[in-house]
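Q: Could you take me through this structure, please? I am new to it.

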Amino acid sequence: MATFVLIPGAGGTASYWHLVEPELRARGHRTIAVDLPAGDDKAGFTEYADAVVVAIDEAGPDVAGQTGADLVIVAQSMGGFTAPTLCRRVPVSLLVLVNAMIPADGETAGDWWENTGAPAARREQDVRDGRSPDAEFDLRTYFFHDVPGPVADDAMATPQQQSDTPFAHVGLNGAWPGVRTRVLSGRDDRFFPVDFQRRVAEARLGITPDVMPGGHLVALARPAELAARLAAYADDADDVTRSGRR
């Protein structure tokens with residue numbers, strides 16, 4: 001049994017994972033979905049990591065006191081900037097980056113966009129798909145295009161706040177944490193196109209992402225398939241750990 005610590009992206013609401021959590025629990029795992037202080041102008045990635053650590057501690061000593069053998073961090077999108085700090089503060093057996101921003105050493109979240117070429121990659125994908133790259137940015141077009149209507153309506157009914165403060169903050173100081181890491185990309189992601197994600201992950205981590213159907217918000221669009229993949233990753237990490245102990 002693994003404990004999945006689920007970190008949302010921009011906006012920072014634990015409810016992003018509300019369809020994935022029961023799928024993971026049905027497979028026998030524990031889940032901790034975290035609300036981040038995304039609307040707090042005083043909070044950067046250190047404070048975001050603080051919120052995750054508190055959530056783990058509040059889950060009880062059976063989780064907080066683990067050796068890390070079954071603690072799995074899952075970071076969505078902007079959550080990729082919180083993940084490195086977190087992996088240095090809690091014992092982790094596996095980190096899974098899902099459609100995630102992957103920081104370089106000393107890079108702020110604001111600089112990440114131009115450094116990686118994310119805006120240009122999205123425009124190129126728009127052209128390939130027949131969308132106007134100059135059209136006004138639309139949440140349904142880029143985030144909810146493959147999310148079932150009622151789920152998208154519910155998610156959009158509660159506007160999420162995201163302070164600009166973290167974009168001036170660095171997510172990684174030094175080398176990437178020495179934690180087993182998997183990268184998972186949505187094949188149909190319009191915001192971070194899959195070829196772009198592959199290029200960044202290979203250049204920065206030396207990892208070729210696994211690809212699954214779905215857009216940027218796969219936890220809302222394909223929760224069962226995402227949960228199945230996460231559970232398989234955890235099983236694989238556990239097998240590796242057990243093999244290393246023998």
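Q: What is the mean pLDDT of the protein chain?
A: This is a predicted model, and the mean pLDDT of its protein chain is 93. Of the residues, 93% reach 70 or more.

Q: And where is the pLDDT below 50?
A: One such stretch is residues 64-68. Beyond near neighbours in sequence, residues 64-68 have 12 contacts in the model. The pLDDT also stays under 50 over residues 241-246, and for that stretch the model has two contacts beyond four places in sequence. Where pLDDT is low, the predicted coordinates should not be read in detail.

Q: Let us move to the sheet. In what order do the six strands come?
A: The order is β2-β1-β3-β4-β5-β6, in an open sheet with parallel pairing.

Q: Which strands stand at the edges?
A: Those are β2, residues 30-33, and β6, residues 210-212. Each has a single partner strand, so one side of each is left without a neighbour in the sheet. On average, neighbouring strands of this sheet are turned by 20° against each other, direction ignored.

Q: Over how many bridges do β1 and β3 pair?
A: Strand β1, residues 3-7, pairs with strand β3, residues 71-76, over five bridges in the parallel sense. Within this pairing, Val5 has Ile73 in β3 as its bridge partner.

Q: Which strands does helix α9 lie across?
A: Helix α9, residues 194-205, lies across β4 (94-98), β5 (181-186) and β6. The helix runs at about 165° to β5.

Q: Changing topic, what volume has the largest pocket?
A: The volume of the largest pocket is about 800 Å³. Lining this pocket are 31 residues, of which Ala10, Phe143, Phe144, Gln160 and Leu217 are the closest to its centre.

Q: Which helix gives the largest share of that pocket's lining?
A: Helix α8, residues 149-157, gives the largest share, with four residues. By class, the pocket lining has 18 nonpolar, 12 polar and one charged residues.

Q: How many cavities of 30 Å³ or more does the structure hold?
A: The structure holds one, and about 70 Å³ of space lies in the largest cavity.

Q: What lines the largest cavity?
A: The lining residues are Leu97, Ala100, Ile102, Trp112, Val183, Ser185, Phe196, Gln197, Val200 and Ala201. The elements that give two or more residues to this lining are β5 and α9.

Q: Which of the elements gives the most?
A: Helix α9 does, with four residues.

Q: And how does the cavity lining divide by class?
A: The lining of the largest cavity has eight nonpolar and two polar residues, and no charged ones.

Notes
Residues numbered from 1 in each chain as written. Predicted model: local features only at pLDDT ≥ 70, side-chain atom pairs only at ≥ 80, totals over all residues. Heavy atoms only, no water. pLDDT = per-residue confidence, 0-100. Contact = heavy atoms within 4.5 Å. Pairing = 2+ DSSP bridges. Axes fitted to C-alpha atoms, helices over the stretch in contact; angles between N-to-C directions. 1 Å grid on protein atoms, 1.4 Å probe; cavity = no way out; pocket = protein on both sides within 12 Å on 5 of 7 lines; lining within 4 Å. Points joined across faces, edges and corners; volume = space filled by probe spheres on them. Nonpolar A, V, L, I, M, F, W, Y, C, P; charged D, E, K, R; others polar.
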